[in-house]
Amino acid sequence: VIHADQPLRQSLLNGIGPFLLISLAVSVLLLREPDFGATLVVLSTGLLILFMAGLDHRLVLPVVVMGLAAAIALVWIEPYRLERVFGFMDPWKEEFGKGYQLTQSLMAIGRGGLFGLGLGAGVSKHYYLPEAHTDFILAVTAEELGLVGVFVVIGAFGWLTWRAFAIGREARQLEQPFAALVAQGIGTLFGIQSLINIAVNMGFAPTKGLTLPLMSYGGSGMIASLITLSVLLRIDWESRRIARGFKV
Amino acid sequence: MSSYSFPKIGSKANEFFDQVGGWFGGKNASVGRPLRANAAEFDVTLLWVVAVLVAVGLLMVYSSSIASASESRFTRSSPAYFLVRQSLFVVIGAVLALFVFDTSMRTWERIAPFVFIAASVLILLVLFPRQT
């Protein structure tokens, strides 16, 4: 996701052509896994970075439309994705079928109420809710720590995303375009992925198999997240050094 | 804030408060706004927010896996199986993050294309099934 640093050429061929080629190749690889969610996250992050790098929106918008069309087409040709979309629209229709995971998640969130049932007191994790410790960790959090716990988590991710963009803006003002784009990219990455996961847990988006960064169980994801945030810290550290007149 | 004067602490301190004022849009608010002289070297708040998220995550990983892990043969009936593994990864990630923090953005900019190629190779690798 880290390219496009030089002053951007606003032409179709030079500006967005390379990005399209690279993203197409990466998409094909990711879709072969198949990981539809990751493709979505990576591509939208890449596009947003290009946009923030100053690429004309008249070039970006058609690509967004094309991407959305491609995404819909991909959902359409893959039966299980289509099923997931329908299952998400009315999870209670097939409570013990396609809608099972989502209804369990919703019930867990509902049981939690305002303050939650207390740590360990949730029942959904006892085989009711599949992937309780990975994709649906927020549902268990809601059940045991309540709305308050969820607010803390959402607030933390919201703040993290905002802070990443603020660090990016600062780097831009200090004339560090590469660092600025990296910071904004990191903000986008965390923002989008946590947003989608939270939305999936609450039934606002179809299940995609995306984890909640920093919280879901999974080793490589945890390591990648920590490293990414370390880069963000580094950018901020360099900005502070530059602001004080040091060389980096 | 910047309009206060602190004669006792000397001009350095006045400068310092001007700069803090600049943070909140005072008279020193400028594009490359200077930081306070004794401000933290890095974003401590960011670190804390991440720490809280990781801590809550560990807690919930444990809480949400304790039942299934203690009854699964895959985890050898150890209730803390997922907690222990996840904690291990947090430690590994934190150590790696230290090294990453030591890498300047100039270096990243230089090696970015290679990082990208390496990442592409990695996603290519998962497509090849392991021989069993």
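This short talk presents selected features of the model shown above, chain by chain and then at a surface patch.

Colleagues, this is a predicted model, in which local features need pLDDT of at least 70, side-chain atom pairs count only at pLDDT 80 or more, and totals for chains, interfaces and linings use all residues. Residues are numbered from 1 along each chain as its sequence is written, chains are lettered from A and ligands numbered from 1 in the order in which they are written, and side-chain values use heavy atoms, leaving out hydrogens and water.

I begin with chain B. Its secondary structure comes to four helices and zero strands, where helices (H or I, at least four residues) and strands (E, at least two) are DSSP runs numbered from the N terminus. Along the sequence the pattern reads α-α-α-α. Of the 132 residues in chain B, 31% are buried; buried means under 20% relative accessible area, exposed over 50%, and partly exposed in between, with a 1.4 Å probe and protein chains only. The accessible surface of this chain is about 8800 Å², and carbon and sulfur atoms account for 67% of it. Such areas come from the Shrake-Rupley method with a 1.4 Å probe, and for residues only the protein chains shown count as cover. Among contacts in chain B with a separation of 6 or more, 16% join residues 24 or more positions apart, contact meaning heavy atoms within 4.5 Å.

How do helices α2 and α3 of chain B pack? Helix α2 (residues 44–70) and helix α3 (residues 81–101) of chain B meet at an angle of about 150°, their axes 7 Å apart. That makes α2(B) roughly antiparallel to α3(B). Axes here are lines fitted to C-alpha atoms, for helices over the stretch in contact, with angles from 0 to 180 degrees between N-to-C directions. Angles under 35 degrees count as roughly parallel, over 145 as roughly antiparallel, 65 to 115 as roughly perpendicular, and the rest as oblique. The residues that meet include Leu58(B) and Tyr62(B) from α2(B), and Phe82(B) and Val90(B) from α3(B).

The axes of helix α5 (residues 100–112) and helix α7 (residues 177–202) of chain A come within 7 Å and cross at roughly 90°. The two helices, α5(A) and α7(A), are therefore roughly perpendicular. Leu102(A), Ser105(A), Leu106(A) and Ile109(A) in α5(A) meet Val200(A), Asn201(A) and Met202(A) in α7(A).

Next, the loops of chain A. Between α5 and α6 lies Gly120(A), which is partly exposed at 46% relative accessible area. Leaving aside neighbours within four places in sequence, Gly120(A) contacts Lys125(A), Glu144(A) and, in chain B, Ser63(B). Thr134(A) is also found in the loop between α5 and α6 of chain A, but is buried at 11%.

Most residues other than glycine have a negative phi. Glu175(A), in the loop between α6 and α7 of chain A, has a positive phi near 60° and is exposed at 67% relative accessibility. Leu214(A), in the loop between α7 and α8 (219–243) of chain A, has a positive phi near 70°, yet is buried at 3%.

Finally, the surface. Leu114(A), Phe115(A), Leu147(A), Val148(A), Phe151(A), Val152(A) and Val52(B) form a nonpolar patch with about 660 Å² of accessible area together. Patches are made of residues with over 30% relative accessible area and no salt bridge, like charges being joined within 9 Å and nonpolar side chains (Val, Leu, Ile, Met, Phe, Trp, Tyr) within 5 Å; a salt bridge is a side-chain nitrogen of Lys or Arg within 4 Å of a carboxyl oxygen of Asp or Glu. Helix α6 (residues 137–173) of chain A supplies the largest share, four residues. Phe151(A), in that helix, is exposed at 54% relative accessibility.
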